[in-house]
Amino acid sequence: MIYNNPFLGLSNFVSPVAMQGFVIVMIALVVLGTLLDIIHKKNVKYFFNNAKKAKKNAKIEITTSQKTSVILKTVAYDIATTSELGRGKRRVAHLLGMYGTILFWIGSVIMIFCYSNPSSDTPSFWPIIWHVGALMTVIGGGWFWFFLRVDVYSEAQPWYRIIKADLFVLALVASSLTGLIWSYLQSLNLNDRWDDKVFLVLFIVSNLVLFGGVYWSKFAHMFYKPGAAIQKNLAEADGSRDNLPPPADAPKQFGLGIKREEPKHY
Amino acid sequence: MSTFVYMTRCDGCGQCVDICPSDIMHIDETIRRAKNIEPNFCWECYACVKACPNHAIDVRGYADFAPMGHSVRVRREEEKGTISWKIKFRNGTEKNFVSPITTKPWGKFIPKLAEGDIPNQGEIKSQILYREPEALNTKKALPTVSKGSFKKGVYY
């Protein structure tokens with residue numbers, strides 16, 4: 001199953017052009033949804049206003065090379081390792097979901113655009129990337145949804161309570177899980193039985209919800225969060241620090257230095 | 001004055017929800033970020049501002065002087081055991097203070113509530129707070145207010 005390109009089997013009754021068209025439509029839906037989100041929430045306007053304010057309050061003039069270095073460090077540390085989530089389960093689950101999703105999407109695009117023709121021979125690397133990515137997304141997303149969601153973890157809400165904020169994570173997990181099941185059923189050679197068709201339809205529907213629901217879900221956070229991290233670190237570098245005090249110049253263990261507990265005191 | 005959350009900074013970790021003594025910091029149902037659900041009931045105790053690991057919470061001044069550009073912000077560094085304050089006045093004057101964290105460690109003077117039983121939905125929705133009445137050193141039932149007596153517009 002893991003070496004099987006599921007889109008190659010699909011090409012027997014759906015043309016590669018149609019599959020490629022579907023991917024392009026999904027990308028267009030993400031762009032459209034994000035633009036509508038930007039217009040509605042005015043968050044990009046807020047970002048630029050905040051940047052102007054930070055520039056006005058800057059204590060140090062930072063050069064372009066310093067700025068580039070701050071941005072590169074932010075990308076390598078804050079964004080690539082989602083450092084804002086601290087050390088713990090939430091970060092591990094987020095990293096699993098994030099890198100799983102990236103692998104799953106890259107694998108899908110490469111296999112659909114390069115290896116979906118019935119005569120093509122798919123290198124085993126891409127199906128492995130696709131399956132491992134989907135599995136990581138299911139594990140990370142499922143772990144988050146069942147156990148680590150803050151409304152479940154900190155507010156003691158039951159895990160089965162579904163709210164609008166779940167649209168993104170549920171659609172993401174559903175698309176990866178249905179994709180995996182569809183690929184598994186395909187590998188069983190069921191001779192045109194209904195099973196894999198059902199999961200193919202579920203896979204398509206979950207993708208439509210995921211990419212078509214950008215305006216209503218928190219999908220666009222993956223674009224805003226890196227921007228916010230870069231702005232935060234630039235503000236630290238130029239001394240404006242969003243009006244925050246500088247890190248304390250105090251001896252280690254100035255106070256009791258108590259260890260933060262997990263937010264689970266209800 | 002009351003607290004508010006910079007949504008781009010918040011990662012929904014729940015530290016403010018956990019620490020708010022008024023139980024007014026909650027999780028938004030659309031974007032799963034923290035929000036102050038009842039600014040009128042905020043004591044301005046700064047507990048959530050200090051607890052936030054991402055400095056995502058700030059305190060909004062009253063409308064008559066907030067636009068004049070003052071700011072009171074705080075940085076809590078638990079590994080150093082320090083709380084740093086930066087007070088910015090309307091005329092641009094800045095004052096910086098560093099104080100030690102004096103909170104007692106969990107488990108020594110403060111009970112380890114994280115290890116207690118998870119409350120059920122009925123307990124969460126009741127007017128009695130977690131571990132009441134025994135945490136108040138009494139076994140008597142505490143008085144409650146019937147919902148019918150709330151003034152119009154107040155819903156709980």
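Residues are numbered from 1 along each chain as its sequence is written, and chains are lettered from A, with ligands numbered from 1, in the order in which they are written. Because the model is predicted, local features need pLDDT of at least 70 and side-chain atom pairs count only at pLDDT 80 or more, while totals for chains, interfaces and linings use all residues.

Trainee: In what order do the elements of chain B run?
Mentor: Helices (H or I, at least four residues) and strands (E, at least two) are DSSP runs, numbered from the N terminus. Chain B has three helices and seven strands. From the N terminus on, the order is β-α-β-β-α-β-β-β-β-α.

Trainee: What distance separates the centres of the two domains of chain B?
Mentor: The bounds come from an automatic or database domain assignment. That assignment gives domain 1 (1-102) and domain 2 (104-145). Taken over C-alpha atoms, the centres of these domains of chain B are separated by 25 Å.

Trainee: Which element gives the most to the side of chain A that touches chain B?
Mentor: Two residues are in contact if their C-beta atoms, placed from the backbone, lie within 7 Å. On that basis, 38 residues of chain A are in contact with 44 residues of chain B. The elements giving two or more residues to chain A's side are H7 and helix H10 (221-237). The most, three residues, comes from H7(A).

Trainee: How many residues on that side of chain A are charged?
Mentor: Ala, Val, Leu, Ile, Met, Phe, Trp, Tyr, Cys and Pro count as nonpolar, Asp, Glu, Lys and Arg as charged, and the others, Gly among them, as polar. The side of chain A that touches chain B has 18 nonpolar and eight polar residues. The charged ones number 12.

Trainee: At what angle do H2(A) and H5(A) cross?
Mentor: Two packed helices are described by the angle between their axes and the distance between the axes. Axes are lines fitted to C-alpha atoms, for helices over the stretch in contact, and angles run from 0 to 180 degrees between N-to-C directions. The axes of helix H2 (residues 16-41) of chain A and H5(A) come within 9 Å. They cross at roughly 145 degrees.

Trainee: Which residues of H5(A) make the contact with H2(A)?
Mentor: By class, this contact has five nonpolar, one polar and no charged residues. H2(A) brings Met19(A), Gln20(A) and Val23(A). H5(A) brings Val109(A), Ile112(A) and Phe113(A).

Trainee: Is His55(B) buried or exposed?
Mentor: A residue is buried if 20 or more other C-beta atoms lie within 10 Å of its own, exposed if 12 or fewer, and partly exposed in between, with C-beta atoms placed from the backbone. His55(B) sits in the loop between helix H2 (47-51) and strand E4 (57-60) of chain B. Its phi is near 50 degrees, a positive value in a residue other than glycine. Because 20 other C-beta atoms lie within 10 Å, His55(B) is buried.

Trainee: How does Asp242(A) count, with its C-beta neighbours inside 10 Å?
Mentor: Asp242(A) is found in the segment after H10 of chain A. Phi of Asp242(A) is also near 50 degrees. Because there are 18 such neighbours, Asp242(A) counts as partly exposed.
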